[in-house]
Amino acid sequence: MSKNKIKIKKGISVAAGIMMVMTSLTGCAQSSLSEKVEVELVSYKPEAVAAFEKIAERFNETHDDIHLTIDSPNEAMTILKTRFIREDYPDIVGIGGDINYSNFLDADLFMDISDLEEIGMVKQSYLDIDKQLEFVPQEGTYALPYAANAAGILYNKDMFDEHGWTIPETWDEFLALCDEIEASGIQPLYLGYKDTWTCLAPWNALAVGLSDPDTCNQVNMGNLTFTEAYRETAEKIKVLLDYAEPNPYAYGYNDACTAFARGQSAMYPIGSYAIPQIKSVNPTMNIDSFTFPANEAEEDNVLNSGIDLQFCVMKNCENKEAVYEVLRFLYEDETIQIYLDEQGGITCKEGDFDIPAELEGMRAYIENDRMADFQDHHYPSEMSVDAMIQTYLLDDSETATDTFLERFDTDWKRYNRDLIRKVQQYQTK
């Protein structure tokens, strides 16, 4: 054999040996990496990125066997729906308790997490809310409610203290207060109805006290009509116009927040989500709130509170044990407090948590679990109920309420045909 051939053969042998060593080392590295389970959580709240970064960092520092990645992209719901179509599922999704949750659950995408111990730590109202969001009754529990918001009346506490105004507990007391504020030369309410979605704030806060939480489901079953269920809500939301800024349809959400922050009204019927926007205009404003006194008796009033964030496990998740460890960590008091410190709101977990100063006036309702979900969490987006309400409020005719309620019933049947059929088929089983 020639010397050149011997050299080539030796070279090949050395190269093969090196490759075997590298393969062995790579295999060791892969084996080491594979020991750490990757858990991906996609949240629909891009505004909570800072909180989730802190939470993920804290988790990863304290867990050697699991790595948690939390992504909070813009247009998260669109991204999630696209990924679901491609069957590219994360392990956990963080979404609100609304129609999207209902649709995903109905599509059989979520795992039953009834065996997660933390479910027993959730306030009953929020477990009830999730059950009411089921199109048809499901066995099991499919979400871990995390944080909630509240909607009612925000008020200028310094202004109230200065004038000695009393917080109303009934509808008549509320109207009397509005008259008293108006008589002092101050505008009682600011509405900002140019942005149609703002019409839903007082609508929801009134409706939770004047109609049943399962109103939409009862309509789907054929046991009720919106004409029956929503008449008092429709009549009372009209009355608010008498105490609001002239032509509220000329001013939007930002205008209303700014006007309230500058003392141009004593009250603002909106949710707790507006507080950061108001404080951005007037950081030192002394804000408090109270439950919308929709009824003639205080004991009939209900706080409008919905699930702003909850965690659901995808049904095809292959790492249930690791995912449950993440959920247990998320539900530790210290972790929840990190989120609340950044985002505010109300925890869905039972326990001794601070209530934001701006929601102090709602404390009794929160602590006594006197809460019900936003009615619009059950409305299909295609129905554009916010625009329907705005159109109704602009209608000064004597038949405005009847026209509005009849349209509500008609459009509901139009946009919920398949759902109504499914619900009624379930009833006949």
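Good morning. The domain assignment, which is automatic or taken from a database, divides the chain into domain 1 (37-150 + 307-363) and domain 2 (151-305 + 374-428). This is a predicted model, in which local features need pLDDT of at least 70 and side-chain atom pairs count only at pLDDT 80 or more, while totals for chains, interfaces and linings use all residues. Residues are numbered from 1 along each chain as its sequence is written, and side-chain values use heavy atoms, with hydrogens and water left out.

Let me turn to the two domains. Their centres, taken over C-alpha atoms, are 27 Å apart. Domain 1 contributes 21 residues to the contact and domain 2 contributes 26, where contact means heavy atoms within 4.5 Å. Between them the domains bury about 1900 Å², of which 57% lies on carbon and sulfur atoms. Buried area here is the accessible area (1.4 Å probe) that two parts lose on being put together, summed over both. On the side of domain 1, Ala-150, Glu-358 and Met-362 lose the most area to domain 2, together 32% of what that side buries.

I move now to a pair of helices. Helices are DSSP runs (H or I, at least four residues), numbered from the N terminus. Helix H11 (residues 231-239) packs against helix H17 (residues 385-394) at an angle of about 60°, with the axes 10 Å apart. Axes are lines fitted to C-alpha atoms over the stretch in contact, and angles run from 0 to 180 degrees between N-to-C directions. From H11, the contact is made by Ala-234, Glu-235, Ile-237 and Lys-238, and from H17 by Ile-389, Tyr-392 and Leu-393.

Thank you.

Notes: Helices (H or I, at least four residues) and strands (E, at least two) are DSSP runs, numbered from the N terminus.
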